[in-house]
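Here is my note on the model, point by point. Please keep the structure open while you read.

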Amino acid sequence: MKVPQAMPWIGEDEYRAIADCFRDAWITEGPKAAVFRAQLLELTGARQGVFAPNGTLALYLALRALEIGPGDEVLIPDLTFVASANAVQMAGATPVFVDVDPRHFQMTAHAVERWITPRTRALMPVHLWGTVAVMEPILELASRRGLLVIEDAAQAIGVRRNGRHAGTFGHVGAFSFFADKSLTTAEGGFVVTGDETIAERLEVLRNQGRRKAGTFVHAQVGYNFRFTDIQAAIGLVQLAKLPETRRRKLENLERYRSWLADVPQVVCFEPPAGSEWIPFRAPLLCERAGELMEHLRRHDIEPRSWFCPLHLQPCYAALAAGQIADAAPAELFPNAHRAYDLGVLLPVFPTLSAEQIEHVCRTIRAFYGRR
Ligand SMILES: *Cc1c(COP(=O)(O)O)cnc(C)c1O
């Protein structure tokens, strides 16, 4: 029995929805995108939002709209997908890596404080594994130190903290609709803000430096960050399915939990108190994680490790060396290290079967010598 890491839940409904685009001969960003945008604003409670071609460019657009660039430092959690840092780099600013907390593996105000310099412009908390980070102390710190807050909510569409949607706590929030996220449009991104000035800058930057198409006079330099109605058609179907996606993913997670409850070598990641959870994957902390993943692969199961900490990335080695100076990295980033040592991601996608989960769990149990 093969068990892949992730599979989009797409089918006939999405297929029929894109056929409409062909019938109406409207394929680029148009009426379906307008409806999808309105529904995303309703879901998130955000005042304004624009599409981007993907989550990475959504973050880039957000940074540019906040006028963050060369000479500026942006503090980001050491444990995140590399795109968080790449977007900062692409905007010409400098990412600075901050260790995560030991329980939920996300940014904390406490860990951020020591890295603030006169060049620090913004904090970029990342909502990990489909939860929402503990935002209140981060917002409090940002406002006290005059910093901007960009939320990487790529994995957190549909997820709230104490009733408030991910991405709507800070100045801007960015979502991804990549194929392995809880809502997919194949590729795609969305940037939200509650600030009219930032919204205006987002619009102008993504639209070749003007507010609306229909003129060839451009007040400033901008880019093409358009989305397509084909993607929006898929997105509308996916959005209607999101409650069921959430239900199925949580059910799958619960199956792992009950199968593995009596295996002391395996601990399930817990969301921060107050956060909902639409699991991106089943994130586990496992003894001998490397060997376990080898064992799973031999049984046709595709596990993943957690993210490789940014300061360990070959592409950020030089930058990290400058930041770390002569400290020992394991002492500066102990929690990110621990997450990378022990972290295993297992699939929870909506079409995963109970039999597949049983196969994964029996294989894990056997690895630790349990029946
Ligand atoms: C997926 C993801 C991104 C990037 O989104 P893309 O659409 O793949 O560009 C950024 N940050 C995090 C945390 C992600 O999971």
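1. Start with F105. It sits in the loop between strand 3 (94–98) and helix 5 (109–113). This is a predicted model. The phi of F105 is near 60°, a positive value in a residue other than glycine. Most residues other than glycine have a negative phi. F105 is buried because its relative accessibility is 1%, and the cut-off for buried is under 20%.

2. Q208 is another residue to check. Its phi is near 55°, again positive in a residue other than glycine. Q208 belongs to the loop between helix 7 (196–206) and helix 8 (229–260). Is Q208 buried or partly exposed? Its relative accessibility is 32%, so Q208 counts as partly exposed.

3. Next, L79. This residue lies in the loop between strand 2 (73–77) and helix 4 (82–90). L79 has a relative accessible area of 1%, so it is buried. Which residues does L79 touch, leaving aside those up to four places away in sequence? They are V100, F105, L128, W306, F307, A336 and A339. D99 is 20 residues from L79 in sequence, with 7.4 Å between their C-alpha atoms.

4. Now the aromatic rings. The structure holds 16 aromatic pairs. One of these is W129 with F307, which is stacked: the centres are 5.0 Å apart and the planes make an angle of 25°. W129 is in the loop between strand 4 (120–123) and helix 6 (136–145), and F307 is in the loop between strand 12 (304–305) and helix 10 (317–324), so the pair ties together parts 178 residues apart in sequence. W129 and F307 are each buried.

5. F367 and Y368 also form an aromatic pair, this time edge-to-face. Their centres are 4.9 Å apart, with 80° between the planes. F367 and Y368 are both buried.

6. Ring pairs also build a cluster. Its members are F81, F105, W129, F269, W277, F280, W306 and F307. F105 from point 1 is therefore one of the cluster, and it is buried at 1% relative accessibility.

7. Look at strand 8 (residues 172–176). How many of its five residues are buried? Five of the five are, and the strand is mostly covered. V172, A174 and S176 point one way from strand 8, while G173 and F175 point the other way.

8. Strand 8 has partners to inspect. Strand 5 (residues 148–152) runs parallel to strand 8, and three bridges join them. Here I150 stands opposite V172. Strand 9 (residues 189–193) pairs with strand 8 in the antiparallel sense, over five bridges. In that pairing, S176 has G189 of strand 9 as its bridge partner.

9. Last, the ligand. There are 14 residues around it, and G55, T56, D152, S176 and K181 come nearest. A ligand oxygen atom lies 2.7 Å from a polar backbone atom of G55. For Q155, an N or O atom of the side chain is 2.9 Å from an oxygen atom of the ligand. For K181, the distance from a side-chain N or O atom to a ligand oxygen is 3.1 Å. How much of the ligand does the protein bury? Taken alone the ligand exposes 380 Å², and the protein buries 93% of that.

Terms used. Residues numbered from 1 in each chain as written. Predicted model: local features only at pLDDT ≥ 70, side-chain atom pairs only at ≥ 80, totals over all residues. Heavy atoms only, no water. Buried < 20%, exposed > 50% of the residue type's maximum accessible area, 1.4 Å probe, protein only. Helix = DSSP H or I, 4+ residues; strand = E, 2+ residues; numbered from the N terminus. Pairing = 2+ DSSP bridges. Contact = heavy atoms within 4.5 Å. Near = heavy atom within 4 Å. Polar contact = N/O pair within 3.5 Å; in protein donor to acceptor, adjacent residues only side chain to side chain. Areas by Shrake-Rupley, 256 points an atom, 1.4 Å probe, with all protein chains shown as cover. Phe/Tyr/Trp six-rings, centres within 6.5 Å; stacked < 30°, edge-to-face > 60°.
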